[in-house]
Amino acid sequence: MRKPLLAGNWKMNKTPSEARRWFAEFLEANPVYAAGGEPAVEAAILPSFPLIPVAAEQLAGSAVRFGGQDVSAHEWGAFTGEVAAAQLADLGASYVIVGHSERRAYWNESDELVAAKAARAIEHGLTPILCVGEKLEVREAGRAVSFTLAQLEGSLSGLEIASGEELVIAYEPVWAIGTGKTASAADAEEMAAAIRNFIRERYGERAAANIRILYGGSMKPANTADIMAGPNVDGGLVGGASLEVESFSQMIAAV
Ligand code: PEP
C-alpha cells in the first residue's frame with residue numbers, strides 16, 4: 001500500500017527564524033505529527049539549504065520529514081556552491097528534489113545530469129523526488145505524455161530501481177507551476193497512469209506497485225481532494241501553498 005506524500009517545496013523563501021516559527025506552528029496545529037509515529041499522510045518540507053539544520057533540530061522526534069531542493073551529482077570536492085548528498089544525509093534529510101523545472105530551465109540541467117543526481121542521492125540513502133513535465137506548447141500539440149515519458153526515460157538512465165521505494169516521481173506540468181493554473185484531475189491521473197505503466201514495463205510489477213507518483217503545479221486546499229482522487233496520484237509537490245502552515249495543514253487534511 002503506497003502512503004500518500006505531501007512535500008512542500010519552499011523554493012528560495014524564509015529566513016531561519018521564519019522557518020523555526022513555521023515548524024513550531026505546524027507541530028502545534030498537527031499534534032499527530034508532533035508525536036512522531038506514522039500518520040496516514042507523510043509530510044515533508046524541502047527548504048533551502050541554510051534552513052536544513054533548523055529543520056533537523058525542530059523536526060527531531062516528529063513525523064515530518066525534510067530534505068533539499070537539489071543535490072550535487074559529485075561525491076565531494078572542488079565544486080563551489082554545490083551541496084553533497086552525504087551532507088544532507090548526515091543532517092537527517094530523507095528527500096531531495098532533482099530535476100525541478102526551474103533548475104532545468106534556469107540552470108540548463110539535462111536529463112543526464114538529473115539522473116546522475118538521483119543516483120548520487122540514492123547511494124546516500126536519500127529518496128529523490130524526480131520532477132518531469134511538459135511546457136504548454138507541448139501539451140497543446142498533444143504530445144504531453146510522449147514528451148514526459150521521454151524526459152523520464154532520460155532522467156532515469158543508468159538508475160537501478162528494484163522495490164520502487166527508492167524513488168518518488170513528481171509530474172509537474174511547467175505551465176502549472178506558480179501560475180495558478182492546475183492540470184485537471186483527469187490529466188493528472190492520465191499522466192500518473194502512463195508513468196506507472198512505463199515503470200512497470202521497465203522495472204517490473206513490484207516497482208510499479210510501490211513507486212509514488214506526485215502531482216505538482218498550483219495545488220492548494222481547494223483542489224487537493226480532486227487531484228488526489230485518481231488511483232495513480234499518490235500525493236503532491238506543493239510550492240506556494242506550503243509556505244503557510246494553515247494551507248499546508250488543510251491540504252494534508254484533504255488528502
Ligand atoms: C513547485 O515548485 O514544485 C510547485 C508545484 O509550485 P506551485 O505549487 O507554487 O505551483
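**Notebook: a predicted chain and its ligand**

I began with Ile-45, which I found in strand β2, residues 42–46; strands here are DSSP runs of E with at least two residues, helices are runs of H or I with at least four residues, and both are numbered from the N terminus. The model is a predicted one, in which local features need pLDDT of at least 70 and side-chain atom pairs count only at pLDDT 80 or more, while totals for chains, interfaces and linings use all residues. Residues are numbered from 1 along each chain as its sequence is written, and side-chain values use heavy atoms, with hydrogens and water left out.

**Ile-45**

Leaving aside neighbours within four places in sequence, I listed the contacts of Ile-45 (heavy atoms within 4.5 Å), and they include Trp-10, Trp-22, Phe-23, Phe-66 and Phe-248. I also noted that Ile-45 and Leu-237 are 192 residues apart along the chain, with their C-alpha atoms separated by 9.7 Å.

I then turned to Leu-88, which has its place in helix α4, residues 85–90. Leu-88 counts as buried because its relative accessibility is 2%. Which residues does Leu-88 contact, once its neighbours within four places in sequence are left aside? I found Phe-49, Ile-52, Asp-70, Val-71, Val-83, Ala-93, Val-96 and Leu-126. From C-alpha to C-alpha, Leu-88 and Gly-67 are 7.2 Å apart in space and 21 residues apart in sequence; Gly-67 had already come up among the contacts of Ile-45.

Gln-151 sits in helix α8, residues 144–155, and at 10% relative accessibility Gln-151 counts as buried. Not counting residues up to four places away in sequence, I found that Gln-151 touches Arg-104, Asp-111, Val-132 and Gly-133.

I checked the backbone of Lys-14, where phi is near 80°, a positive value in a residue other than glycine. At 65% relative accessibility, Asn-108 counts as exposed.

**The ligand and Ser-218**

How many residues surround the ligand? I noted 14, the closest being Lys-11, Glu-172, Gly-178, Ser-218 and Gly-239; a residue is near a molecule if one of its heavy atoms lies within 4 Å of it. This shell divides into four nonpolar, eight polar and two charged residues. In that division Ala, Val, Leu, Ile, Met, Phe, Trp, Tyr, Cys and Pro count as nonpolar, Asp, Glu, Lys and Arg as charged, and the others, Gly among them, as polar.

For the ligand I recorded a polar side-chain atom of Glu-172 at 2.7 Å from a ligand oxygen atom, a polar backbone atom of Gly-239 at 2.8 Å from a ligand oxygen atom, and a polar backbone atom of Gly-240 at 2.9 Å from a ligand oxygen atom. Of the 290 Å² of accessible area that the ligand has on its own, the protein covers 95%; accessible areas come from the Shrake-Rupley method with a 1.4 Å probe, and for residues only the protein chains shown count as cover.

Ser-218 is found in the loop between β7 (212–216) and α11 (221–228), and Ser-218 is buried, with a relative accessible area of 17%. A polar atom of the Ser-218 side chain lies 3.5 Å from the backbone nitrogen of Thr-179. Apart from neighbours within four places in sequence, Ser-218 is in contact with Ala-176, Gly-178, Thr-179, Gly-180, Lys-181, Thr-182 and Asn-223.

**The whole chain**

Last, I looked at the chain, whose secondary structure comes to twelve helices and eight strands. Buried residues make up 53% of the 255 residues. Among contacts between residues at least 6 apart in sequence, 73% join residues at least 24 apart. The accessible surface comes to about 10900 Å², of which 52% belongs to carbon and sulfur atoms, and the C-alpha atoms fill a box of roughly 45 × 45 × 35 Å along the principal axes.

Note on methods: Buried means under 20% relative accessible area, exposed over 50%, partly exposed in between (1.4 Å probe, protein chains only). A polar contact is a pair of N or O atoms within 3.5 Å; within protein, one must be able to donate a hydrogen and the other to accept it, and residues adjacent in sequence count only if both atoms are side-chain atoms.
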